[in-house]
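This report looks at how one chain of a predicted assembly meets its two neighbours. The structure is shown first, and the description follows.

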Amino acid sequence: MGMTIAEKIIAAAAGVESVKPGDIHTVELDRLMSNDGTTHLTIDMYNKLRKPRIADVSKLVWIMDHNVPCDSVKTAASHKKMRDFAKEHGIQFYEGAGVCHQVMMENHVTSGELIFGADSHTCAYGAVGAFGTGVGCTDYLYAMVTGKSWLLVPETLKFNLTGKLNDGVYARDLILSIIGMIGANGANYMAMEFGGEGLRTLNMSDRICICNLCVEAGAKTALMEVDEITLDYLKAHGREPKHNFKSDADAAFAKVYDIDLSTIKPIVAKPHFVDSVVDAKECVGTHIDEAFLGSCNNGRIEDLRVGARIIKGKKVHPLVRFLVVPASAEVYRQALAEGIIDTFMEAGAIVMNPNCSVCWGSCQGVIGENEVLISTGTRNFKGRAGHKDSFVYLASAATVTASAIKGEIATADRI
Amino acid sequence: MGFTIIEKIVRNNTGKEVHPGDIVTVNVDRVMIHDIFIPFVASKFEEMGFTKIWDADKAVLIYDHLVPASQVDDTRHFRIGNEFVEKYGMKNIHRSDGICHQLMTEAGYVKPGDVVFGTDSHTTTYGCVGAFSSGIGYTEMASILGTGTLWIRVPETIRVNITGKLPENVMAKDIILKLIGDLGADGATYKALEFAGDTVENMTVASRMSMSNMAIEAGAKCALFTPDEKTAEYCGITLTDKELDLAGDADAKYCKVINYRAEDFVPVMACPSNVDNVKPVSELAGKEIDQVFIGSCTNGRLEDLMAAAEILKGKHVAPFVKLIVTPASRKIYKEAAANGTMAVLAEAGAIITHPSCGLCCGRTGGILTDGETVIATNNRNFLGRMGTSKVNIYLASPKSAAACAIAGKIVNP
Amino acid sequence: MDKFTGKIWVLGDDIDTDIIIPTEYLALKTVQDMAPYAFSPLRPELAGQLNAGDIIVAGKNFGCGSSREQAPEIIKALGIKCVIAKSFARIFFRNAINNGLLLIENEKLRDVVSEGDEITITINESIEHQGNQYPITSLPQNLVDIINAGGLVKAMQKLNNVENG
């Protein structure tokens, strides 16, 4: 019986020949990412252990990204705790480098690795064929101290992509459409695997965007087949693949979906659920107060280029706050060099330092009572971006930028 | 009997000769209101029974303290501001273009000889172009919006003469910190400061701005520089005779005259937690730091960013130290992006934010906690200003700040 | 209220506006919401200890720093009857007068009192502390006019013929 990519990675990490869905295995972890959202809690628990030790400090990567620069005295204390601990134990540490998942992709992740991240969107790493999954601080602590953890082998949903996205349609429209189709719990506990000829038409930025959002369908992880695009990306970032797994022809999938990319349309996910997906046209004209282009989902150079192309020579609507937040310092420097930062500044956008920003909803661009945000962030849960009575619509970089110009939800072809 | 600059401005404004101690009503040329206080200004204005702004074109509303919003009720200020602008026909509004004081001068709202009030203590800044400008509360702002006038007591003037060439790595910030240290935090209370001498004549308007901005930290009502060609160029105007005359007369009466030799200045810092607790950087060297902040209406201008970039070029911020850079305006950000300054700062590891008050106003932008130390180029190091009351804030010039960021400790630039 | 007696709280020099009310709380909706945080960087417990009719006695340059008018408004909202200091910063001074908060400048008192003492103030005349009298200098007429009108808002209401202001 063949195995899926997820099964192969777990088998390798567990040191066994084969695994099947439902098995529980003890696995060796390749990397452990944690950010300022919860690391202070992990440290508190660590310090309560009788004889705490870190199994292998070289596996740890700690990234300050949720509240950067720091926005409150409470956060400042958590930050100091994290910074001091990292310094004391020699943990690889980033602050100001960008959103954790983008920083991980740029600097650490490689194919075939098994990675725990104390953040739900850790599934992003599947873009290069790594098994990334989000865990809470207790699981994180156990892995940090032992270097290991246990994993329930997930079933795999296979998404067989064919065709090509039309102009003006983006990876973000694709993944939101998929989440709309299978529902917010449609992949609970499962792995979502992407393959097929259509995948070859999607660049690494698209792939990260797709895998990153799979947790919004409940997925444990997301995985993509390694191909030339993956290998080129890894090479450009100075890394070699650890494994180069593909699902076997006779691998068992819980379900296979065939998706023709050319059928995907610009969509919007309406408040307050990521799977409330409708054709973007249905939302056209909806008043907005703020627009956000950024996040680990859609803050890469490719996304900024899309927005910049649309807004160049135009202005942000005077009553809209348009936040543009590159996903990493590397993205920022590239955008600066390409004149994209200038384009956004000229248009009247608010360009912030690389960080989670309003996607995290507690630090920058917080929205008030009854306000409406259109966002390229990961979530539109009630209260996610600020006041409990506020509204978040999710859309592509193109739709968000077009809306920022119009002052209401608009599609880019009408700007 | 001659006159000081402030006496001439008030005379020109009221049409009669004035002397220190006189209480007079001035006609206001421009007012500035910022986002933190607009809800209060709006409600007081209506409570007072006014139905229109005396001259809506003379009022400027600027969102800067709360940009981008960091707390859920912050955007309420924008909503109230937007409604006020709409209701009373104001045209001059900036929603994310930078810090109020930078915009007031940069966008041409202030000219030499103007009388300007703002709902912010650092409104003294506009003295850099020879305007009498001072900070007031929101109740008085509401009354000006209705009447176009305000009573003032004509202040006595402290004259500060600075001559000679500044040593390398000494900036205007070091001069004003030294002066505040010498005068004390209340040394110029109720008084006007007047700067003269070839050192200030040779300074850019931006450098003068750093000095007039901080005059309030010695309690001053205003801080004035004589308008010259640099002022004219900065404001995009040709100076009239009346404007050219805005210099202290040789026989003007000063309550105090202070003379400095530029060569005697050294890089200094204002140590926790008073702006007048000023010491030479050399005496503080070696102290470990956690964060550096380059920005604010005091020191977030292009020349400040360039001075920092010159020091940071090819180097990197020390491990575990944050360097936060917040340009003072959108225009400055764009200029710094265009001339490569931003690229240098970003390469060095700076966290570059959108132009706003940022950390200087202490609501976001790099808040710190107990035992941490920050070197900052802004204007205040009060207890609790940037986090808990156990944060150590040292105020410094952009050059000193940049050097500290690389070293991870206090060093002389 | 020509004459009143109150318990005093003693503060030092340069009590700045960020101590009186930190910026973190400045966007709260009302002065009442902000009042519990008054003086928190210096003495977090103080706002809760103040009682109506109490008096603050401080050193030089009281109220230095920002133009935030919440500073005198909060002090007033906490029931403080008057602030006596060696000197006041000018924006704070104007803001206090405009809100009808009584300020008295006195060079000597701060150095002879102890927290918890009682003092008696006779408006425009003197301060009495443990049998010693300290004279009060009177204010300029235009300020007296504002105070007599009940603050600047009331003065402007009179100007605009607003009823029941």
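## The interface of chain B and chain A

Between chain B and chain A an area of about 3,200 Å² is buried, and carbon and sulfur atoms give 63% of it; buried area here is the accessible area (1.4 Å probe) that two parts lose on being put together, summed over both. Contact, defined as heavy atoms within 4.5 Å, links 38 residues of chain B with 43 residues of chain A.

The interface of chain B and chain A holds 4 salt bridges, a term that requires a side-chain nitrogen of Lys or Arg within 4 Å of a carboxyl oxygen of Asp or Glu. Arg83(A) and Glu372(B) meet through their side chains in a salt bridge, at 3.1 Å from N to O. On the side of chain B that touches chain A, two or more residues each come from helix 3, strand 15 (322-326), helix 14 (330-338), helix 15 (341-347) and strand 16 (351-352) of chain B, where helices (H or I, at least four residues) and strands (E, at least two) are DSSP runs numbered from the N terminus. By class, this side has 17 nonpolar, 13 polar and 8 charged residues; Ala, Val, Leu, Ile, Met, Phe, Trp, Tyr, Cys and Pro count as nonpolar, Asp, Glu, Lys and Arg as charged, and the others, Gly among them, as polar.

## The interface of chain B and chain C

Chain B and chain C bury about 3,700 Å² between them, with 54% given by carbon and sulfur atoms, and the contact takes 46 residues from chain B and 45 residues from chain C. The count of salt bridges between chain B and chain C is 4, and in a salt bridge of 2.9 Å, N to O, the side chains of Glu140(B) and Arg94(C) meet.

## Helix 2 of chain B

Of the 10 residues of helix 2 (residues 38-47) of chain B, 7 are buried, that is, under 20% relative accessible area (1.4 Å probe, protein chains only); among them are Ile38(B), Phe40(B) and Phe45(B). Gly49(B), with a positive phi near 95°, follows helix 2 of chain B.

## Basis of the values

The model is predicted, local features need pLDDT of at least 70, side-chain atom pairs count only at pLDDT 80 or more, and totals for chains, interfaces and linings use all residues. Side-chain values use heavy atoms, with hydrogens and water left out, while residues are numbered from 1 along each chain as its sequence is written, and chains are lettered from A and ligands numbered from 1 in the order in which they are written.

Conventions:
Buried < 20%, exposed > 50% of the residue type's maximum accessible area, 1.4 Å probe, protein only.
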